[in-house]
Amino acid sequence: MAKLTIEGGESFDVAESKRLVRALVEDAGVDQLHACGGKGRCTTCKVEMVEGEPDKMTKAEATVLSERGLEGIRLSCQMLCDRDMTVRVVSRLEGSGRSDAGGAVADEIEPAPVEWVDRG
Ligand code: FES
């Protein structure tokens, strides 16, 4: 088990290696956006890492963050709960103007095959 803590809120026990976006939605009950359904394309699943940020990221995450010039965030659909972590929720359905949080997110990280690279 890994412990997921929402900054300023509660902590939750999460199955180790569960996708962070799924843990946020299913375990923590956060209305986390995930517009592309966890495929590493939209960046609406972004979170800010307070503690426990992994040193590795998927190549898909590194690519989309670089292309969009985004820094200081991580994509929760591209991360696994493989350690205790504290996150700041910054992209919620509430206040977004969207009609829903996003499509269904698969159990395994997409897109496959997953290639891990060092965080920049
Ligand atoms: S849900 Fe679209 S990039 Fe993560």
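**Figure 1. Helix α2 and the elements that cover it.** In helix α2 (residues 59-68), the buried residues are Ala60, Glu61, Ala62 and Leu65. A residue counts as buried if 20 or more other C-beta atoms lie within 10 Å of its own, as exposed if 12 or fewer do, and as partly exposed in between, with C-beta atoms placed from the backbone. Helices (H or I, at least four residues) and strands (E, at least two) are DSSP runs numbered from the N terminus. The cover over the buried residues of α2 includes β4 (56-58), β5 and β7 (116-118). Gly69, with a positive phi near 65°, follows α2. The model is predicted, so local features need pLDDT of at least 70 and side-chain atom pairs count only at pLDDT 80 or more, while totals for chains, interfaces and linings use all residues. Residue numbers start from 1 along each chain as its sequence is written.

Figure 2. The buried residues are Leu20, Val21, Arg22, Ala23, Leu24 and Val25. After α1 comes Gly29, which has a positive phi near 70°.

**Figure 3. The largest nonpolar core.** This core has 20 residues, and those with the most contacts inside it are Leu20, Val21, Ala23, Leu24 and Cys81. Two or more residues of this core come from each of α1 and β6. Helix α1 gives the largest share, 5 residues. A nonpolar core is a set of buried Ala, Val, Leu, Ile, Met, Phe, Trp, Tyr and Cys residues joined through C-beta atoms within 7 Å. Apart from neighbours within four places in sequence, Ala23 is in contact (C-beta atoms, placed from the backbone, within 7 Å) with Leu4, Val14, Lys18, Ala28 and Cys81.

**Figure 4. The five-stranded sheet.** An open sheet is formed by 5 strands in the order β2-β1-β6-β3-β5, with mixed pairing. Strands β2 and β5 are the edge strands, each pairing on one side only. Two strands are taken to pair if DSSP finds at least two bridges between them. Strands β1 and β2 run antiparallel and are joined by 4 bridges; Thr5 stands opposite Ser11 in β2. Strand β3 is antiparallel to β6 (residues 85-89), with 4 bridges between them, and Glu48 has Arg88 in β6 as its bridge partner. Strand β3 also runs antiparallel to β5 (residues 74-75), through 2 bridges. There, Lys46 stands opposite Leu75 in β5.

**Figure 5. The loop around Ala35.** Ala35 lies in the loop between α1 (20-27) and β3 (46-51). With 19 other C-beta atoms within 10 Å, Ala35 is partly exposed. Not counting residues up to four places away in sequence, Ala35 touches Cys42, Thr44 and Gly102. Ala35 and Gly102 are 67 residues apart in sequence, yet their C-alpha atoms are 3.9 Å apart.

Figure 6. Of its 120 residues, 34% count as buried. The C-alpha atoms fill a box of roughly 35 × 30 × 25 Å along the principal axes.

Methods. Two residues are in contact if their C-beta atoms, placed from the backbone, lie within 7 Å.
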